[in-house]
Amino acid sequence: MNVFYFLLLAFFWGTAYVGVKYTVDVFDPYFSSFLRAFIGFVFFTGWFLITKQSFYLPRKEAWRPWLAGMLVMGVPFIFLYWGQQFLPPGTGGIFNGTVPLWVFIIAAITLKGQDRFTWRKAIGVIVGFIGLMFVFQPALQAYTSASMDKMALYGSISLLMMAICYASGNVLIKYIMINKITWQQSVFHQYLFTTIFLFFVALLARAPLPSLEQALAPKVVISILYVALCSSAAALLLLMKLLKEWGALRASLATYFVPFIAVGSDFLLNGRVPGKYEVIGMVIIIASLVLIQFDKNGFKKSA
């Protein structure tokens with residue numbers, strides 16, 4: 001059964017980018033980000049109330065999940081939804097596949113003794129950067145062409161920042177989280193603070209809302225609910241289950257499948273065939289992660 005949960009987790013994460021793209025085609029990226037956080041917050045509040053789970057947290061400890069929520073949801077959601085306006089869903093999934101690369105780099109620099117550079121891992125990092133250059137190539141070509149289409153490049157940079165934020169948040173959690181905080185308390189307060197933060201961001205953006213007909217289009221409604229409930233809330237529950245049953249080592253392998261599922265779902269739902277640079281970049285990035293996380297003794301967990 002855990003294998004099914006593992007595959008479902010990878011599927012939820014990988015198909016999220018199609019849903020995000022459908023959403024930002026109608027709603028502005030800031031309000032879209034808020035909707036994702038708000039729906040997740042409502043879901044977990046109801047879930048914990050029904051299951052009678054305590055999510056009360058003393059004020060002196062609440063800053064920990066609030067800060068974590070900002071880094072693993074609030075800020076990267078903004079980068080994700082803004083950047084995905086200008087790029088296909090598969091590209092977003094490929095950038096997400098670089099998260100373990102950035103986790104290793106940031107952890108190796110900041111978490112002394114947790115991980116360290118070796119010749120093999122240093123080569124892996126260099127290979128990962130080469131892969132990123134391939135992924136950036138179509139946007140760079142568009143930027144330097146006669147049309148001077150800058151938005152694809154800006155969107156790529158935004159999605160790269162999303163990946164770096166996800167990685168930074170994951171590393172920072174190792175510093176700020178303590179054993180006294182349960183995962184229910186952490187999740188509730190992360191969603192609470194993220195929802196409040198993104199509400200004010202959307203309010204300050206003052207972007208016009210779409211017509212009621214556009215907002216209630218079945219594809220849009222299904223996309224919003226799917227990303228919020230499946231790719232975020234349900235995926236988090238699946239991850240918690242796998243962390244308990246398998247540990248972080250094996251559960252983290254789901255990340256490797258995200259780029260392939262994102263590209264595949266983009267093809268199946270939108271008929272988009274990935275470009276050669278995307279395919280080459282995706283394969284090189286996965287190869288870099290293998291170099292970083294595998295050594296002569298087998299699989300090694302990055303921080």
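Residues are numbered from 1 along each chain as its sequence is written. Because the model is predicted, local features need pLDDT of at least 70 and side-chain atom pairs count only at pLDDT 80 or more, while totals for chains, interfaces and linings use all residues, and side-chain values use heavy atoms, leaving out hydrogens and water.

Q: Is α5 roughly parallel or oblique to α7?
A: Helices here are DSSP runs (H or I, at least four residues), numbered from the N terminus. Helix α5 (residues 99-110) and helix α7 (residues 151-176) have axes 8 Å apart and pack at about 45 degrees, where axes are lines fitted to C-alpha atoms over the stretch in contact and angles run from 0 to 180 degrees between N-to-C directions. Angles under 35 degrees count as roughly parallel, over 145 as roughly antiparallel, 65 to 115 as roughly perpendicular and the rest as oblique. That angle therefore makes α5 and α7 oblique.

Q: How many charged residues does the contact of α5 with α7 have?
A: Contact means heavy atoms within 4.5 Å, and W102 and I106 of α5 take part, as do Y166 and Y175 of α7, among others. Ala, Val, Leu, Ile, Met, Phe, Trp, Tyr, Cys and Pro count as nonpolar, Asp, Glu, Lys and Arg as charged, and the others, Gly among them, as polar. The contact of α5 with α7 has 12 nonpolar and three polar residues, and of charged residues, no charged ones.

Q: Which residues of α13 meet α5?
A: Helix α13 (residues 276-293) and α5 have axes that come within 9 Å and cross at roughly 35 degrees. From α5, the partners are P100, L101 and F104. On the α13 side they are L289, I292 and Q293.

Q: Which helix gives the most to the lining of the second largest pocket?
A: A pocket is an open set of points on a 1 Å grid over the protein atoms alone, with protein on both sides within 12 Å along at least five of seven lines, and lining residues have an atom within 4 Å of a point. Helices α1 (2-24), α10 (218-245) and α12 (258-270) each supply at least two lining residues. With five residues, the most comes from α1.

Q: Which helix supplies the largest share of the lining of the largest cavity?
A: In a cavity, a 1.4 Å probe fits but cannot get out. The lining of the largest cavity includes G19, S32 and S223, and α1, α2 (29-50) and α10 each supply at least two residues. The largest share, four residues, comes from α10.
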